Every structure is written in structure tokens, then in C-alpha cells.
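User: Hi, could you walk me through this one? I'd like to go piece by piece.

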Amino acid sequence: MSGFKSKEKGAGKWVQKQEQQTDSEKRQWAALRRRYEWKDSYDETGIAPRDEDLENELFGEENHVHTGINFSKYEEIKVNIKSADGVQIEPINSFDESNLHKVMKENIELAKYKVPTPVQKYSIPIITSKKDLMACAQTGSGKTAAFLIPVLSQLFGKRNLAAPRQQPGVLRKIKSEPLVLIIAPSRELATQIFDECRKFTYRSMMRPCVVYGGADPALQKEELAKGCDVLTATPGRLKDFLERGIISLRRVKFLVLDEADRMLDMGFEDDIRIIVQKSDLVNDGDRQTLMFSATFPKKIQDLAQDFLAKGYIFLTVGRVGGTTSDITQKILYVEEEKKRNQLVEMLLKQPPSRTLIFVKSKRGADSLDEYLYNQGFPTTSIHGDRTQREREDALISFKNGRAPILIATSVAARGLDIKNVMHVINYDLCEQIDEYVHRIGRTARVGNKGLATSFYNENNSDIAYELVKILMECNQEIPDFLQSHGDMPNDEYTRVGTSNVYGREDYKGRPITWDDSRNNYRNNQNRDASSPRRFQQSNFYAQGPPLNSPQYASQPERGFPVVNLPKANNQYNSEISHGYSSPHMNQNFNSDDDGSRNRPLPGNNWEPSVQQEAQKQWDPNAVPWK
Ligand SMILES: Nc1ncnc2c1ncn2[C@@H]1O[C@H](COP(=O)(O)OP(=O)(O)OP(=O)(O)O)[C@@H](O)[C@H]1O
């Protein structure tokens, strides 16, 4: 594998190198991907002819996320429905039982969905009964299909509703007037939802489109002109097209806010208000508004009511903001200047598997990408400063296994559904617990298992309390250095209806009482070295000295231990912070405070054996990434 080693500078080199060989395969914007093209000659009461190539592309193995061994455990999750007018909703138990259009039933079968997930069991009857909905369910539990299936199915076979299409050779401009508008916070998520729309509109007369920033607007306009019944959009490009009169929302029957809490937080709220309240979007009570997310802070729940009809239903599957117990969560204490060593050690130690690494800054993403690439790892990166072409290519390479290590900023935290992401690493922990839930939710989807490892140090103390709560709720090991964050003042435990994890009114998850949780903390704090839950006895990584050993000097005013060792001795530091030593780790680090903080000092690089090992272990051609 000579391809790994490169003197090139910059991010995503692995991808760029591979790109030269696979250019034709990739030179398609996501917005231009093929979709089923309905012809007027088709019988709208029957089923339109198959398009086998497209069928293989849409429903083939390549992108199919298989359900995992814990899929059936979804049944055990508590579902709660709240509505101002107290309506009762009878869930469906199978797709057959529901009153879905026959084309939709065929597509569900092609998608290999055998049983609806809990959020689908409820949202299908809720949406078909014409109710507005705010739905909250765990990451990876099928929320996209939960809205697409009932929404699209109701529109199938309604020729009079389908959008006018540009006739070949006729230049008259046609304004796009979608019936369904789905708004998502990131370009990657918008294109993914568009891909799901392509699946579920297969062999129907509903034509899906997507518009998002960074990609050629002229090409997106061309697609819109061919007909647009179901539009997925990011807010910025949508606003732009609305202002320019390319799109009108006067016929919208279904408005969906995916990742709704994100769409209504400070970053996007103004855009959403403009789109929903100041455009020509129908507000005559004939339109349904649907909101979906895995997290919904209380204050956003309140805000969301501005956009929902009075009798809307609030559906929760599990605890609002909870994460799935299928994820094994590990928190490692790693000081800033040791993160790179730690990461390389982990990547060499773990079985090669699709791995997503989150960092906090765009610059940090570039720099870590370049660093790992130069160590021989097949990496690429995705963040807001990369061009849209680079972002799309990076995602393709991550998905097809050419670059099975993706370094990303939070732009990839929400919604992305990528097959077999086995490990999420929070190289830089985020500040908000909801963001943490979304990030780690990129693994362990539809009943599969996954691993999430987070590097923690004194810079992350803001999230410590909520992090411990999440770990406890999912029966995860709580490392000693987080123990002091567990003991909360009494009122924190007894308050109800605050945004505190366990204090939320809507808490419906595993029944943990305030007292239970406090006792758990106490127990954990007092546990002895033989406790099976001890973090340092984890089997996930090799063993090492306990984190509470005298090698650590405590820092009582901050409440967590710090490593008190000479900075230059990274071999030793690596041993204690991660639990094993490596013959490769004999470099010094320069710890200035910018994005390049961990660059090796000149003349003190990794031993060549790291590169050899990385290349051997992470050979994308040798590993079965599927
Ligand atoms: N009923 C089902 N049976 C099998 N697989 C399903 C079913 N419903 C959805 N899936 C698959 O589950 C995966 C996750 O779905 P989806 O991306 O909609 O999750 P989500 O709940 O929106 O997650 P997130 O909160 O991360 O956005 C997808 O690959 C989807 O095809």
C-alpha cells in the first residue's frame, strides 16, 4: 500500500489521491442523483414499471443498514403520548396493518423493513389522522421513515396534486410548488433525506428534489424545473430560492423540521421564522407540521408551539434526550497535548472499522486529518470550510471504505446514517450534552451495537455533570475522574420540569429516582479497586495503572485528577492515560494553543514502524468495510 505515504499538504489527501482513479464515479452532485421519473402514460391506479438499475442503486446492499441484534429491544422502550385534546392513538403493529398506498408498501418491502420501529408505529397513525406532531426518539431508530412513509403514502396516486413539469423544448419558467417541505440543518443531512425520498417515492408520481448551499444553484434549479413535489432543503438556500421566486410554498401540505430542536435554536430560528411565518407558506389549517429529533430541550419544546397547531401530539419514545444503551460509552482522561498519541495508539489497537472522529474546530479537523494521513491512516475530513465538492467526496469515501476514518466537526453530528460506523471518538468533547447524544448516535443504529470513546480533560468540565447522568442512565462505567461531578446538591435531584436531565417533566426512560441516582454515585465513589465497574479494568483497551494511582496529583479546586508527569515523557504519559505503552511513542510535543498544538517538533517524528503498522492494519483494500 504505497498510496498512504504522501508529502502533500492539506486535508483529505487520501480521498484526493483516490479520487483521480474514481472521478467519473463521483462527479455527480448529490442533488442530481437519479430518481424515478414518472411518465404521463403510466396508469396511476396500478403500479408503474420498474427501473431495475435505479432499484439496485436505491435499495442495494451498498447503503443498506441492517438491523442489529437489539432491534427487538425497541419494544421495551416506553412510549408516551401527550396532546392538549387528549386524543387516543392506536399504534400499528405491522406495515401491512396500516392503510398505506400499495406503492409505498412495495417500497417498504424493497427497503427490507419488516417491522415498524416504535416511533413509526405511532407516527404513521398520528400523521395519517392529520395531527401535527412533535416526535422525540433515540438516534438511529427510524425517524426519517416515520415521517416519510405516512406523508408520501397519502400523496401517492393523486395526479391532480403532482407538480407541473417543464415540457421539453418549452422555455416558460415554472415555479416549483412542492407539496412536502422538509428542512434539515446540514447539507449532508439534507442530501441523505433526499436519498430516502428517492427510495420511498420510487414508482410513484411524486418527484423529490433537494436544494442546499455550496453546490451549483443553476443545476439545482434545473432539477426543480423538471418537477418538484417533495423538497428537502437547508434553510439558507431555501430562503434564497424563495426570495428569487424560484420556489413557492403556497401548496405545501406537509412541513417537516428534521432535527427540529436544532432548527429552532438560536442558529436557525430566525431563518425558520422567515420561511414559516413570512413566506407564502399555507397557513390555512390544511397544512400539517411535523417535528422530529432525538433531543428536545424544554425551552425549545415551548418555542416549537409557535409553529404547531393547538391540538398537536407530543410523542416520546424513551426519555427525551436519552441515548441508546446499544452504545458502549468510554470516557478517557487525556490531556490536550497527549491526545494525538492517544488517538494513534487507539487506532492501532482497535480492529480496523469505520471510525468517526469529532473535533471542535475546522482548523483542528484539517490538522488532525493531515497528521493521521501522514502517519499512514486512510483519513478524510468534513467541515464547514471544505468546499461542497470536498464534503460530498469525503462522505462518499467514508461510506465506501476508501477512507474509513472520518474527522469531522459538529456538522456531521446530527442525522447522518452511515452503515457500520463502529466507533465514534470525541477527540474534542462538545459542550452540550444533546450534541454528545447526537454525535455518539452515529454508531449503534437500528439495534446494532457500537462504541463511543471520549477524551476528557479539564477543558470539558462544563459537560461533566450531564455526561455522568447519561452514563449512569445507560449503565456505563463512570471513571473516577468524573466521580466528583456526580454529587449534586439536593435541589438538583428534586426539581421537576427543569432542563436538568433527570428533572425533566418528560422523563420517561429507565426509572431512576433521584435517590437511586445519588446512591449510585455514592456507591461508585466508594467502590474499591476490585469493583467490576472500574473504568481502568475495561476490556476495551489494554490495562494500565489505575487512574487514581499516586501518579496523579489531584486538583481539588477543580475536582478532577490531573496527570503530574514531565511533559516530554510521552511514552510514560501514554501508559498511564490509556493503559499501555508503545514502542512508537517516543516523540515530544509542542503545546502551543492554536490548531497546530500537537504538531511533532521537527526532527522528532514517529518511528517508521507506526506508518507501517497503520498501513498494514488500515489497508482499505484488505478490510471488508461492508
Ligand atoms: N422499520 C425499519 N426496519 C429496519 N430498518 C429501518 C426501519 N426504519 C428505519 N430503518 C433504518 O434505520 C436506519 C436509521 O434510520 P434514521 O436515519 O431514520 O434514524 P433516525 O432516528 O432519524 O436517527 P438520527 O436521530 O440519528 O437522525 C436507516 O438506515 C433506516 O433505513
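User: Let's start with strand 14: which residue there is the bridge partner of Lys330?
Analyst: In strand 14, Lys330 has Thr453 as its bridge partner. Strand 9 and strand 14 (residues 450-456) pair in the parallel sense over seven bridges. Two strands pair if DSSP finds at least two bridges between them, and strands (E, at least two residues) and helices (H or I, at least four) are DSSP runs numbered from the N terminus.

User: Before we go on, what kind of model is this?
Analyst: This is a predicted model, where local features need pLDDT of at least 70 and side-chain atom pairs count only at pLDDT 80 or more, while totals for chains, interfaces and linings use all residues. Residues are numbered from 1 along each chain as its sequence is written, and side-chain values use heavy atoms, with hydrogens and water left out.

User: Thanks! What is the strand order in the open sheet of six strands?
Analyst: The order is 9-14-13-10-12-11, with parallel pairing. Strand 9 (327-333) and strand 11 (379-382) are the edge strands, each pairing on one side only.

User: And which strands does helix 16 lie across?
Analyst: Helix 16 (residues 433-440) lies across strand 9, strand 10 (355-358), strand 13 (423-426) and strand 14, and runs at about 150° to strand 13. Helix 17 (residues 461-473) also packs on the sheet, touching strand 9 and strand 14, with its direction at about 145° to that of strand 9. Contact here means heavy atoms within 4.5 Å; axes are lines fitted to C-alpha atoms, for helices over the stretch in contact, and angles run from 0 to 180 degrees between N-to-C directions.

User: Switching to the ligand: how many residues surround it?
Analyst: There are 22 residues around the ligand, and the closest are Tyr113, Gln120, Lys143, Thr144 and Asp417. A residue counts as near if one of its heavy atoms lies within 4 Å.

User: Where do the polar side-chain atoms of Tyr113 and Arg442 sit?
Analyst: For Tyr113, a polar side-chain atom lies 2.6 Å from an oxygen atom of the ligand. For Arg442, a polar side-chain atom is 2.8 Å from a ligand oxygen atom. Glu259 has one at 3.4 Å from an oxygen atom of the ligand.

User: How much of the ligand does the protein bury?
Analyst: The protein buries 96% of the 650 Å² that the ligand exposes taken alone, using the Shrake-Rupley method with a 1.4 Å probe.

User: Last topic: what is the strand order in the sheet of eight?
Analyst: That open sheet runs 1-8-2-7-6-3-5-4, with mixed pairing. Its edge strands are strand 1 (79-83) and strand 4 (208-211).

User: And which residue in strand 5 stands opposite Val180?
Analyst: Val230 stands opposite Val180. Four bridges join strand 3 (residues 180-183) to strand 5 (residues 230-233), and these two run parallel.

Methods:
Polar contact = N/O pair within 3.5 Å; in protein donor to acceptor, adjacent residues only side chain to side chain.
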